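Here's a quick briefing on how this chain is put together. Have a look at the model first, then read on.

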Amino acid sequence: PLAIKSDVISLAKGKALHVIRDAAAGAPSHSTRAASLAAFQKGVITEAMLKQDDKTRRSENASKHRTTPTQMDNADKFMRRWAGLETGASWSDAPPDDTIDLAVCGVAVESLCIVSELRAVVRQLESDLAAARLELKELLGGAAVRS
């Protein structure tokens, strides 16, 4: 339902981040915050990424724990059925303008995953470059290596 669309997207982004950080840290965790902290402590993400993760986590948490007046006004029979409080709910029961655009949710989650993967690749390349510079410096007998 449209009344909860933005909250569902925030929840999906938070869940995707939780899974990505658990995978990066190499172990499951209880919360998105714990997953991000574990990834940070392992050196997989930077402090800036940890701060961005915290923004995503806070949005996820707010989406889960707040109910707006608009949402309450739209707690209609379809939402009740969709939530499993009444039988027979199905996405196809909703009018076209009152459904969550699952394609948008999928793209948002996929984009978050791609950005995270690209950041990991950049971190690895930066690490490899630093190691190569040190090795070259040693080969040159301590001479400075230009960037």
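There are four salt bridges in the structure (a side-chain nitrogen of Lys or Arg within 4 Å of a carboxyl oxygen of Asp or Glu). This is a predicted model, where local features need pLDDT of at least 70, side-chain atom pairs count only at pLDDT 80 or more, and totals for chains, interfaces and linings use all residues. Residues are numbered from 1 along each chain as its sequence is written, and side-chain values use heavy atoms, leaving out hydrogens and water.

**Salt bridge**
- D53 pairs with R21, with the closest N and O atoms 2.6 Å apart.
- That pair links distant parts of the chain, 32 residues apart: D53 sits in helix α3 (residues 47-65) and R21 in helix α1 (helices are DSSP runs of H or I, at least four residues, numbered from the N terminus).

**Helix packing**
- Helix α1 (residues 5-25) packs on helix α2 (residues 32-41) at about 35 degrees, axes 8 Å apart (axes are lines fitted to C-alpha atoms over the stretch in contact, and angles run from 0 to 180 degrees between N-to-C directions).
- Residues in the contact (heavy atoms within 4.5 Å) include L17 and R21 of α1 and A35 of α2.

Conventions: Helix = DSSP H or I, 4+ residues; strand = E, 2+ residues; numbered from the N terminus.
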